[in-house]
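Work through the exercises below with the sequence and the structure open. Each task is followed by a solution in steps.

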Amino acid sequence: EATESADEPDGDGSSGAFGSAIERGEDVPLLTGDGEYTDDISLRGTTHLAIRRSDHAHARIESIDTSDAAAMDDVIAVYTGEDVVESGVPNTIPTAWDLPGLVQPQYRMLATDKVRHEGRGIAAVVAETPHAAHDALERITVEYEPLEHVTDPVEAVERDAPPVHDEAADNVAFDFELGEADATDEAFANADQVASVDLRQPRIIPNAMEPRAALADWEDATGKLRLWMTSQNPHLHRMLLSAGTLGLPENKIQVIAPEVGGGFGSKIYHYPDEAVTAWCAMQLGRPVKWQATRSESYLTDCHGRDHVTTGEIALDDDGTIRGVRVETHAGLGAQLSQFGTATPSYLYATVLSGQYTIPAIHCRVVGAFTNTTPVDAYRGAGRAEGIYVIERLVDVGARELEMDPAELRRRNLVQPDEFPYESAAALVYDSGEYERAMDLALDHVDYDELRERQRELRDEDRYIGIGIGNFVESAGLSPSGLAGDLGSQAGGWESSIVRFDSTGSVTVLAGTADQGQGHRTTYAQIAAEELGLSVDDIDVVEGDTDRIPQGMGTYGSRSASVGGGSIARGAREVREKARRIAAHQLETSADDLEFVDGEFRVTGAPDRSLHIQTIAHEAYLGHDLPEGMDPGLEETNFYDPENFTYPFGTHVAVVEVDPETGEIEIERYVAVDDCGEIINPMIVEGQVHGGITQGIGAALYEGAAYDDNGHLQTRRMDEYAVPHSTQLPEFETDNTVTPSPHNPIGVKGVGESATIAATPTMVSAVVDALEPFGVDHLDMPITPESVWRATEGDR
Ligand code: PCD
């Protein structure tokens with residue numbers, strides 16, 4: 001059931017496009033193998049790049065001998081980090097988010113002096129075939145002086161830990177604080193009860209279906225670089241290549257993201273590898289292609305999470321939350337990835353209020369360098385980690401008070417009339433009806449009856465658990481001014497072009513870049529709605545910086561709200577120009593025109609009308625336009641959101657745990673999500689399914705592990721457990737609709753929501769099942785072994 005919105009899509013609604021479960025037009029080529037991915041693209045004379053990587057966690061490079069490799073058949077060139085330095089390019093992988101006191105060590109395209117994590121690139125081989133390039137890697141001889149290493153973020157900042165960088169002897173990249181320390185201490189001192197939890201959120205490896213890839217083409221005569229790559233944000237890559245690594249003028253770089261097979265955060269960043277690909281093409285004057293292998297991806301795609309946290313919650317006996325205090329050590333890996341600083345600081349600490357009214361919050365985050373793969377955003381980025389902490393705290397708080405966990409949540413929810421709600425963690429939530437979504441989710445499972453059943457089953461030695469996950473997230477990154485105040489080196493706006501072609505079809509060019517989300521369908525729905533057309537009239541173009549001059553890209557669940565907001569605004573401007581042309585040609589005033597079914601009709605004289613597609617034709621003919629009006633019918637729009645959007649919802653999981661075998665069976669999984677106005681319910685449901693799956697993956701199966709030598713142990717798909725469909729229940733999804741009051745089309749993001757919700761929900765469920773065993777918390781991934789160990793004494 002939808003609430004009324006002041007800010008619904010503005011069209012007349014007659015196209016019916018916005019809000020319907022239109023099938024994804026892009027799927028046919030994707031599902032039949034016709035989609036064109038980076039590796040499918042071939043240029044004449046293409047050569048192939050392979051990268052020699054460090055197999056040490058930490059070592060000084062004594063020498064690199066490339067002569068054997070260079071002499072091999074079909075090998076064209078072998079380069080080391082020194083060659084890149086000598087070429088004189090800026091050679092800097094830049095940080096995109098500054099923090100007070102941040103230590104920013106040098107980060108080059110290829111290592112020169114030291115390697116600081118396993119998988120760090122040290123040499124590049126270009127050959128006629130991919131096989132020749134890979135074979136030659138083994139013939140490069142590298143002599144190392146191994147150094148002591150550290151992989152754990154807490155151990156890294158202990159005294160005597162080996163420094164990853166000389167610039168940060170204590171391995172502290174930043175020491176971040178948010179909230180009021182004194183007020184929080186006072187809240188804790190005055191509260192009736194305090195509960196706490198120590199927890200770890202392990203490293204997650206993104207596992208996009210398509211590993212990263214790049215194809216670079218350098219045209220010497222014009223000094224132009226064309227780079228096809230697996231990018232979530234081609235314009236950002238263009239900027240970072242220009243200002244950071246290669247030093248080419250931005251107008252001499254074209255970045256193209258063709259089909260991209262999933263990203264989940266991992267394809268936001270400017271990695272060394274794609275820059276090396278481009279640099280090699282510039283040296284050789286021939287196209288160069290790099291395609292990561294799966295195990296290369298495990299070693300080099302930015303990992304997610306890696307938090308070690310102590311959280312405390314202060315409560316009164318009646319269940320009122322008085323305060324929350326959190327201290328986290330966040331592993332950053334060996335180098336700072338672009339948003340590696342923002343993810344565990346601002347994106348994390350600011351959601352610690354969750355859906356609750358909490359008067360005092362204080363959070364400290366120590367960002368630590370470790371000899372591991374760099375860490376950055378992974379689906380839910382920061383907000384997933386933060387919501388996990390507050391939801392675990394509410395659960396342990398409920399145990400402490402012996403109160404039902406749903407009841408404790410309910411007593412502290414922010415109420416609908418409190419919006420806009422400014423939390424003690426510095427965010428202003430735009431709108432929400434938390435209790436309505438929570439009730440709906442609990443009704444789906446008949447919560448009270450289920451609790452009854454849980455009690456009965458316990459008498460038979462059967463243990464079911466009911467997990468509840470309430471979430472709210474800051475999506476739609478981000479208002480540019482705010483981002484700038486907090487240290488961002490980039491804006492948070494989005495840009496689009498809405499263009500009528502002269503025969504009446506429409507092209508929408510968008511600065512975002514899809515990796516499977518379905519933008520081509522949903523953007524067409526937005527434009528169709530605003531222009532009174534059918535989605536078939538609209539073609540959507542993304543992912544090419546030469547066709548779409550500006551953009552910020554796809555991450556932080558921003559494309560629907562910021563990208564879609566921009567398209568709606570552009571389409572409205574187009575419609576208003578068309579209205580003025582119609583008024584002129586119908587010899588009436590623009591105010592006297594109604595817009596119905598794509599037609600401007602004179603009020604009271606509906607037979608006098610002009611269709612917007614006819615007007616488009618007139619606009620390009622230019623024969624009969626209003627005095628002073630320029631021909632053409634297209635608008636470029638830049639939309640800078642005034643706030644984040646705040647999707648929310650409640651997920652509920654019902655599990656049965658067998659303490660004898662440790663087996664966890666998911667009986668039911670209910671997700672109620674509120675992402676404001678829904679553009680396409682089928683796509684939203686798909687986003688929720690994928691999100692739940694990744695959340696369950698983190699809770700029960702996934703997690704990267706390093707061994708004592710600093711080697712990644714989970715480097716293949718049979719060593720790193722992503723969930724299989726057979727391990728998942730049928731998901732039961734539902735929605736409430738609370739529009740965002742400030743977004744032009746009332747939408748909020750949804751891409752990350754379910755991952756944020758599912759992880760705490762699942763942990764809550766398993767821990768709830770094990771209450772009779774006195775288990776208050778289990779760290780992820782909760783494996784049968786960890787269940788078995790936790791129940792050992794009591795079985
Ligand atoms: N929607 C609708 N409605 C609403 C919302 C939304 O319909 N209300 C839809 C849209 O349009 C799109 C989708 O849905 O289509 C999504 O959206 P969003 O939320 O806005 O988001 P985006 O921006 O588009 O995207 C992004 C996200 C993220 S962030 C992530 S991680 C993930 C997700 O997305 N990734 C991915 N999802 C997905 N899917 C797929 N298929 N793939 C991928 O990769 Mo980050 O920051 O990067 O960490």
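Where is the place of F264?

Solution. The model is a predicted one. In it, F264 belongs to the loop that runs between β11 (253-256) and α8 (272-284).

**Exercise 1. Backbone angles**

Solution. 
Step 1. Most residues other than glycine have a negative phi.
Step 2. D160 is found in the loop between α5 (153-156) and β7 (172-179).

**Exercise 2. Cis peptide bonds**

Task: which residue is joined to P420 by a cis peptide bond, and which residue is joined to S478 by one?

Solution. 
Step 1. Most peptide bonds are trans.
Step 2. The bond between F419 and P420 is cis, with omega at about -5°. P420 sits in the loop between α12 and β16 (421-422).
Step 3. The bond between L477 and S478 is cis as well, with omega at about -10°. S478 is part of the loop between β18 and α15 (480-485).

**Exercise 3. Salt bridges**

Task: give the count of salt bridges, then examine the pairs of D27, R53 and E391.

Solution. 
Step 1. Side chains of opposite charge can pair when their charged atoms come close. Counting a side-chain nitrogen of Lys or Arg within 4 Å of a carboxyl oxygen of Asp or Glu, the structure has 53 salt bridges.
Step 2. D27 pairs with R24, and their closest N and O atoms are 2.9 Å apart. R24 has a relative accessible area of 18%, so this residue is buried.
Step 3. R53 pairs with E296, with the closest N and O atoms 2.9 Å apart. R53 and E296 are both buried.
Step 4. E391 and R409 form a salt bridge at 2.8 Å, N to O. Helix α11 (residues 383-401) holds E391 and helix α12 (residues 405-412) holds R409, so this pair ties together parts 18 residues apart in sequence. Both residues, E391 and R409, are buried.
Step 5. Through salt bridges with shared partners, R53, R212, D273, E274, E296 and D301 are joined into one network.

**Exercise 4. Cysteines**

Task: how many disulfides does the structure hold, and are C280 and C675 buried or exposed?

Solution. 
Step 1. A disulfide is a covalent bond between the sulfur atoms of two cysteines.
Step 2. The structure holds zero disulfides.
Step 3. Residues under 20% relative accessible area are taken as buried. C280 has 0%, so C280 is buried. C675 has 2% relative accessibility and therefore also counts as buried.

**Exercise 5. A charged patch**

Task: which residues gather in a patch of negative charge on the surface, and where does E460 lie?

Solution. 
Step 1. The patch is formed by E456, D459, E460, D461, D658, E660, E663 and E665.
Step 2. E460, one of these residues, lies in the loop between α14 (447-459) and β18 (463-472).
Step 3. E460 counts as exposed because its relative accessibility is 52%, and the cut-off for exposed is over 50%.

**Exercise 6. Distances between C-alpha atoms**

Task: what separates the C-alpha atoms of V472 and G649, and what separates those of A187 and G386?

Solution. 
Step 1. V472 is in strand β18. With a relative accessible area of 1%, V472 is buried.
Step 2. V472 and G649 are 177 residues apart along the chain, and their C-alpha atoms are separated by 6.9 Å.
Step 3. A187 is in helix α6 (residues 181-190). A187 has a relative accessible area of 9% and is buried.
Step 4. A187 and G386 are 199 residues apart along the chain, and 20 Å separates their C-alpha atoms.

How values were computed:
Residues are numbered from 1 along each chain as its sequence is written. This is a predicted model: local features need pLDDT of at least 70, side-chain atom pairs count only at pLDDT 80 or more; totals for chains, interfaces and linings use all residues. Side-chain values use heavy atoms; hydrogens and water are left out. Patches are made of residues with over 30% relative accessible area and no salt bridge: like charges are joined within 9 Å, nonpolar side chains (Val, Leu, Ile, Met, Phe, Trp, Tyr) within 5 Å. Accessible areas come from the Shrake-Rupley method with a 1.4 Å probe; for residues, only the protein chains shown count as cover. Lys and Arg count as positive and Asp and Glu as negative; His and the chain ends are not counted. The place of a charge is taken as NZ of Lys, CZ of Arg, CG of Asp or CD of Glu. Helices (H or I, at least four residues) and strands (E, at least two) are DSSP runs, numbered from the N terminus. Buried means under 20% relative accessible area, exposed over 50%, partly exposed in between (1.4 Å probe, protein chains only). A disulfide is a pair of cysteine sulfur atoms within 2.5 Å.
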